[in-house]
Amino acid sequence: MKVLISDKLEPGCASILENKGVEVDHKPGLSPGELQAIIPEYDGLIVRSGTRVTEALLQAGRRLRVVGRAGTGVDNIDVGAATRCGVIVMNTPGGNSVSTAEHTFAMLMSLARHIPQASASVKTGKWERGQYIGIELAGKTLGILGLGKVGREVALRGAAFKMKVLGYDPYVPRDELERREVQPVSDLADLLARADIVTCHTPHTPETHHLISEKTIARMKDGAIFINTSRGKVQDERAVFEALTRGKLRAAGLDVWEEEPTSLDNPLLNLDNVVCTPHVAGVSETANRNIAVGVASEILRVMRGEKPKALGNPDLWPRLTHLR
Ligand SMILES: NC(=O)c1ccc[n+]([C@@H]2O[C@H](COP(=O)([O-])OP(=O)(O)OC[C@H]3O[C@@H](n4cnc5c(N)ncnc54)[C@H](O)[C@@H]3O)[C@@H](O)[C@H]2O)c1
């Protein structure tokens, strides 16, 4: 079997495959034309988010059996075309959940204690001790929207910080949330009214598009903190900006943006009460390693004719009897 890795990836992935006798080429940064020219040689393709796996590429890959996405979303893969071409699509969800939850908490701690501003001030020779008086997290109410892999990790950290943890997720049974020491709240407005901090961990769907809007912000406590490390389009940035400027929101931590990269014209970037990062919550050395190891293991699983843990096109699997 011969596998192409077409995006930058931890070397651990190639080593695991090579140790099992798989021939691996690691060629990040190829143009779509270059990729299409060499893809007929390969049985497997591993991508992160950089490579666009189009119908044309899949059709050119006459030997392709599997496309592995090292990471969570498969938005860069034409999953429908892969199914038509009989190519398995699989991913490695969960490898960066802890990193994303820790980044969420890093943002929260930064906002609670004005760390970026105080650091910048000391570095310019100032000693403004009265300027950076923050808040304690202990005793505050943390409202989590979306209790999947990341939301649950955030809940654990909230409890460790002695916060009261509320969770809103219409798709997770109440008793499962209670087992995780999250107080389930079935009404979004109720959670928003009670939380000192609101943090988003839902996917972006038609239902969650602008979940954080003028209307939902109005339901929040005055002076609430808002954090989003999920997907940018879950927030209406205009409404978030407006709430921050008039003090309805005390502060916001934003890792994700309605348009990425966000523009320097985005007025949120001028606000001192915003801590921002460029969609890196899920990126860490540890997460990168987890993802690289995870995708290699899943490729080996496919080679053995076993079903991958996370299939992007589950409808295809029952038709692939030749693999088993
Ligand atoms: N910033 C980053 O680098 C980064 C890294 C990892 C994940 N993410 C994003 O974080 C989000 C969460 O990731 P995950 O791995 O936990 O996903 P997940 O699928 O495990 O969990 C998402 C949860 O949201 C819930 N949900 C769906 N619609 C909802 C709604 N209308 N209201 C409340 N809850 C709803 C689902 O029931 C599910 O439990 C996703 O958007 C993911 O893309 C971002």
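Predicted model: local features only at pLDDT ≥ 70, side-chain atom pairs only at ≥ 80, totals over all residues.
Residues are numbered from 1 along each chain as its sequence is written, and side-chain values use heavy atoms, with hydrogens and water left out.

Let's start with the overall layout. The protein is assigned domain 1 (2–93 + 285–323) and domain 2 (97–276); those bounds come from an automatic or database domain assignment. Take the C-alpha centres of domain 1 and domain 2, and they sit 34 Å apart.

Now, the pocket. What is the volume of the largest pocket? About 1400 Å³. Quick word on terms: we work on a 1 Å grid over the protein atoms alone, and a pocket is an open set of points with protein on both sides within 12 Å along at least five of seven lines, while a cavity is a set of points where a 1.4 Å probe fits but cannot get out. Lining residues have an atom within 4 Å of a point. Grid points are joined across faces, edges and corners, and the volume is the space filled by probe spheres set on the points.

Which residues lie nearest the centre of the largest pocket? They are Thr-72, Thr-202, Pro-203, Ser-230 and Arg-231, out of 44 lining residues. The elements giving two or more residues to that lining are α5 (97–113) and α7 (149–160). When I say helix or strand, I mean DSSP runs, numbered from the N terminus: helices are H or I with at least four residues, strands are E with at least two. Both domains take part in the pocket, with at least three lining residues from domain 1 and at least three from domain 2. By class, the lining has 12 nonpolar, 21 polar and 11 charged residues. Here Ala, Val, Leu, Ile, Met, Phe, Trp, Tyr, Cys and Pro count as nonpolar, Asp, Glu, Lys and Arg as charged, and the others, Gly among them, as polar.

On to the core. The largest nonpolar core has 28 residues, and Leu-145, Phe-226, Val-240 and Leu-249 touch the most other members. A nonpolar core is a set of buried Ala, Val, Leu, Ile, Met, Phe, Trp, Tyr and Cys residues joined through side-chain atoms within 4.5 Å. Buried means under 20% relative accessible area, exposed means over 50%, and partly exposed is in between (1.4 Å probe, protein chains only). Elements supplying at least two residues each include β7 (164–168), α9 (188–194), β9 (197–200) and β10 (224–228). The top contributor is α11, with four residues.

While we're on α11: Ala-243 is in that helix, and Ala-243 is buried at 0% relative accessibility. Its C-alpha is 10.0 Å from that of Ala-224, 19 residues away along the chain. In α9 we find Ala-189, which is partly exposed at 21%. Ala-189 and Thr-216 are 27 residues apart along the chain, with 7.3 Å between their C-alpha atoms.

The peptide bond from Glu-260 to Pro-261 is cis, with omega near -5°, and Pro-261 lies in the loop between β11 and β12 (274–276). Then there are two histidines to look at. His-210 has a positive phi of about 50° without being a glycine; His-210 is in the loop between β9 and α10 (214–219) and is partly exposed at 24%. His-279 has phi near 50°, again positive in a residue other than glycine. You'll find His-279 in the loop between β12 and α12 (285–303), partly exposed at 31%.

One last pair of distances. Pro-28 and Pro-170 are 142 residues apart along the chain, and their C-alpha atoms are separated by 40 Å.
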